[in-house]
Amino acid sequence: MTEKKVSLVKCGDYDPARIESALRRSIELLGGMEVFVAAGQRVLLKPNLVRAAEPERAVSTHPTVVAAMAKLVREAGAVPIIVESPGGPYNAAILRSTYGRTEMDWAAEVGGAELNYDVEATQVSHPEGNVLRRLDVVQPLLEADAVINLAKLKTHNLTGLTLAVKNLFGLVPGIVKIGYHAKLQERRLFCEGLVDIFTYVQPVLNVMDAVVGMEGQGPSGGDPRPLNALIAGTDALAVDMVSAALVGYDPLEVLTTRVAADRGLTTGRLEDIALGGESLDSLRVDDFRRGVEADIDPGLLPGFVRRLVGLDGSAPEGEGAGGGLIHTLSHGWMWRQLVAMPHAGEKCTGCGYCVDHCPVGAIEIVEGKAHMDPQTCIRCYCCHELCPQLAVELRRPLLGRLLLGD
């Protein structure tokens with residue numbers, strides 16, 4: 001497999017001049033912007049704007065990073081367009097609110113980029129997909145000549161970390177994402193779908209905003225953590241591997257990377273990456289707090305254990321799909337003891353946003369508070385990710401806490 005190039009550049013804060021300088025160096029280490037875009041092209045810039053949140057909360061790609069990238073694309077003679085479909089409905093009002101709170105409107109003005117308000121979507125064929133042979137994508141993706149992926153380094157309770165591959169899920173329109181969660185309920189199956197989206201989109205350049213990341217209960221309810229780095233590369237998987245190593249993960253602990261490695265899309269080995277710029281050891285963080293689910297990712301269990309308890313999505317040998325006592329237990333009581341369950345905390349106002357966006361209808365408002373039905377909940381954590389009040393807490397049952405800790 002061809003060695004992948006990745007640049008790692010130190011950047012201590014979001015001062016616009018410092019960000020632009022660090023980003024220029026990152027791209028120069030990869031051969032320069034002319035390697036990625038050509039004059040006259042329409043270039044889709046895909047930040048992580050999962051929800052409308054202020055930049056200092058580290059939920060979204062910082063606007064200074066987006067503005068700097070837009071400026072570099074402009075200098076190359078191309079046209080940058082900022083495109084995202086955040087969680088919830090995909091309409092102009094939601095986009096306007098999201099652009100405002102995340103300061104993407106500022107980024108567009110400073111960087112000379114267009115802000116996308118086209119909320120059309122379409123289905124495309126993807127014969128190479130493993131689980132998604134047809135994809136729902138936002139229309140601007142099909143009208144772009146190139147995609148530059150501007151991700152944010154954060155924890156994620158389904159994938160371990162949300163990085164460059166996971167960021168492309170934002171090109172699936174609005175609440176269609178909920179249908180994908182419902183269809184791909186098991187974590188490994190969901191990550192198979194994410195890798196399918198990545199293999200369709202194929203960004204020409206991937207940049208990780210790791211100046212300030214998010215640790216703890218990401219992707220939107222965790223805590224900002226200074227990491228002082230920009231990471232860039234042509235291959236999203238290689239960028240994800242370096243990003244994971246930066247915060248103390250084995251790259252294959254990130255389930256999207258493990259799935260891609262199983263498909264032969266990457267080796268998962270850091271030694272197969274040509275790293276330019278700073279050394280990993282000079283910037284590595286050893287005490288990065290993981291999300292509640294990272295330590296028990298079933299996709300990382302030994303294959304025979306997954307098969308024994310049915311966590312690979314198949315029934316034990318000799319049984320029909322979904323049959324057998326062990327399989328039933330693993331998808332019922334046993335499984336529910338090991339994984340975190342969302343609960344409405346004290347901040348819950350009973351607004352009903354989680355009710356409207358739960359992919360399996362597992363939430364109702366009871367006495368002014370959200371109530372999650374543990375028997376129906378598929379642990380996709382959409383409610384945790386999208387709650388406007390950050391009121392949804394993730395807690396393991398008592399047995400899970402005793403066996404696995406918090």
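User: How many bridges join strand β13 to β14?

Analyst: This is a predicted model, in which local features need pLDDT of at least 70 and side-chain atom pairs count only at pLDDT 80 or more, while totals for chains, interfaces and linings use all residues. Residues are numbered from 1 along each chain as its sequence is written, and side-chain values use heavy atoms, with hydrogens and water left out. Helices (H or I, at least four residues) and strands (E, at least two) are DSSP runs, numbered from the N terminus, and two strands pair if DSSP finds at least two bridges between them. Here four bridges join β13 (residues 363-366) to β14, and the two strands run antiparallel. Ile365 stands opposite Ala370 in β14. The two strands form a hairpin with two residues between them, and Glu367 in the turn has a positive phi of about 50 degrees.

User: How many salt bridges does a search of the whole structure find?

Analyst: A salt bridge is a side-chain nitrogen of Lys or Arg within 4 Å of a carboxyl oxygen of Asp or Glu. The search of the whole structure finds 22 of them. One of these joins Arg24 to Glu75, with the closest N and O atoms 2.6 Å apart. This pair links distant parts of the chain, since Arg24 is in helix α1 (residues 16-28) and Glu75 in helix α2 (residues 63-75), 51 residues apart. Arg24 is partly exposed, at a relative accessible area of 28%, and Glu75 is also partly exposed, at 47%.

User: With which side chain does Asp209 meet in a salt bridge?

Analyst: Asp209 meets Lys152, at 3.0 Å from N to O. Distant parts of the chain are linked here: Asp209 belongs to strand β9 (residues 205-215) and Lys152 to strand β7 (residues 146-156), 57 residues apart. Asp209 is buried, with a relative accessible area of 0%, and Lys152 is buried as well, with 1%.

User: How many cavities of 30 Å³ or more does the structure hold?

Analyst: Rolling a probe the size of a water molecule over the atoms shows where empty space is left. On a 1 Å grid over the protein atoms alone, a cavity is a set of points where a 1.4 Å probe fits but cannot get out, and lining residues have an atom within 4 Å of a point. Grid points are joined across faces, edges and corners, and a volume is the space filled by probe spheres set on the points. The structure holds six such cavities of 30 Å³ or more. The largest cavity contains about 280 Å³ of space. Its lining has 25 residues, and Val50, Lys166, Phe169, Lys177 and Glu385 lie nearest its centre.

User: How much space lies in the second largest cavity?

Analyst: About 110 Å³ lies in the second largest cavity. It is lined by 17 residues, and those closest to its centre are Cys348, Cys351, Cys354, Cys387 and Val392. Helices α15 (353-357) and α16 each supply at least two residues of this lining.

How values were computed. Buried < 20%, exposed > 50% of the residue type's maximum accessible area, 1.4 Å probe, protein only. 1 Å grid on protein atoms, 1.4 Å probe; cavity = no way out; pocket = protein on both sides within 12 Å on 5 of 7 lines; lining within 4 Å.
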